[in-house]
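Please open the structure in your viewer and keep the sequence at hand.

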Amino acid sequence: MSGEPTIDWEPQYQGADSNPQAVECYERFVTTLDAEWLATLKGPAQLESTQAGDLHALASAYLVAGRPAEAVPLLEFLVFLEPEEPGVRCDLAYAYARIGSADRASRELERVLAAHPGWPAAVRQLADVRAWLLWHEDTVDLLRQQADVFTLLTSDGAADTTQYLALAKVLYQLATVPRSGVDWPDVVSVLERAHHLDGDHEQVLELLAAASHHAGAEAQWHAALSALERVAPGSEHLDHWRSVPPAVAPNPDRLLAIASSETADAHGALRDLRSDYRTAPNNPDIQRCLVQAEAGLGNVAEALWLAEGLAATDGLDFYAHGALMTAYGIIGDGRARRHLAAALELAPDQAERAELLAQYDALSEG
């Protein structure tokens, strides 16, 4: 298979709508790549800043520094503030592509070109992103095939540590891919079996520490780190995981309640939900809550894109079907009634049924 295609990008930030201090810090950072200037830039450029340009400067600096995951929430917030600004969307598209969400990158660039036909940065990036998507699709197909092979090899319970580790490595990669169907607890389960066979296997412990952190399995994370410290006290992975906060299990329902509260914290909760989704894109509870939050805050296109992924999941519960009913009902899509019917069959009690019907009626009237 050919190597990963590159994606064209040049910073779209040009210093507009910024404090002079932010402009100076940004220019000095991109010229010298001195981390001190990036740290200084964080002062004037926070989400509470009244200067959108300051946020754009920090996001662009993160992209220059090769830290796209930190740029994404800033750029998403800027898109909310300035939805018609093409430069911000181009930077967001690049950030999405760099974190593996090229399908989202493609959507952002298509929006830019719909509003600004021929915008040069978007034209170049979109061609590169589409090439990346084709490459990525082939890569994911290969990973799925490998997962099937290793799953078969480990299905009889007689597999050794090496075979379980090989399966876990493939599943680990798939857990980061939206709509792959692999969630972090799936990876942890395989690694736990490998650990049971060989409690001193360094690679197993390193991967178990990473997977359990992403899964929010704090007890397993601490246990893996303790074992890794005993087995390989000099492991660079150990140094890394010592520096991060403890694993925290996601609580998407709490974040959804805040995002739906019409308080000052609503958009912060939405950012946290989006972050949880990027970490665990195949967790149905996170998907469900993010669909509802995006729809409730008026981000209909985003809610529908997420809904398509959620709808492809097997074994949806009452709440997931309710979320899909909401997303499709907002645009008057006939699939809303289909998910209403499925939800009503799964309703835990009469009160939930009545509330769901009331929601559907409100959507229909709207």
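Please note that the model is predicted.

**The cores**

Select V187 and L191. Within the largest nonpolar core, which has 70 residues, these two touch the most other members. Next, select helix 8, residues 161-174, which gives the most to this core, with eight residues. Returning to L191, display what surrounds it: leaving out residues up to four places away in sequence, L191 touches L165, A168, V204, L207, L208 and A211. Another core, of 44 residues, lies apart from the largest one; A22, A57, A71 and V112 are among its members.

**A serine in helix 6**

Select S106, which is placed in helix 6, residues 102-115. Is S106 buried or exposed? Its relative accessible area is 8%, so S106 is buried, the limit for that term being under 20%. Beyond its neighbours within four places in sequence, S106 is in contact with L126, V129 and L133.

**One face of helix 13**

Select helix 13, residues 252-259, and colour its buried residues: P252, L255, L256 and A259.

**Aromatic pairs**

How many aromatic pairs does the structure hold? There are six, and two of them may be visited here.

Select Y13 and Y26, an edge-to-face pair with 4.7 Å from centre to centre and 80° between the planes. This pair links distant parts of the chain, 13 residues apart: Y13 belongs to the segment before helix 1 (20-32), and Y26 to helix 1. Y13 is buried, with a relative accessible area of 6%, and Y26 is likewise buried, at 6%.

Then select W132 and W135, whose rings form a tilted pair, 5.8 Å centre to centre with 55° between the planes. Both lie in helix 7 (residues 120-153), three residues apart, which is about one turn of the helix. W132 is buried at a relative accessible area of 5%; W135 is buried at 17%.

**Charges over rings**

Select R179 together with W305: the charged end of R179 sits over the ring of W305, 4.7 Å from its centre. Finally, select R271 and F77, where the charged end of R271 sits over the ring of F77, 5.5 Å from its centre.

Methods: Residues numbered from 1 in each chain as written. Predicted model: local features only at pLDDT ≥ 70, side-chain atom pairs only at ≥ 80, totals over all residues. Heavy atoms only, no water. Helix = DSSP H or I, 4+ residues; strand = E, 2+ residues; numbered from the N terminus. Buried < 20%, exposed > 50% of the residue type's maximum accessible area, 1.4 Å probe, protein only. Contact = heavy atoms within 4.5 Å. Core = buried A, V, L, I, M, F, W, Y, C linked by side-chain atoms within 4.5 Å. Phe/Tyr/Trp six-rings, centres within 6.5 Å; stacked < 30°, edge-to-face > 60°. Lys NZ or Arg CZ within 6 Å of the ring centre and 35° of its normal.
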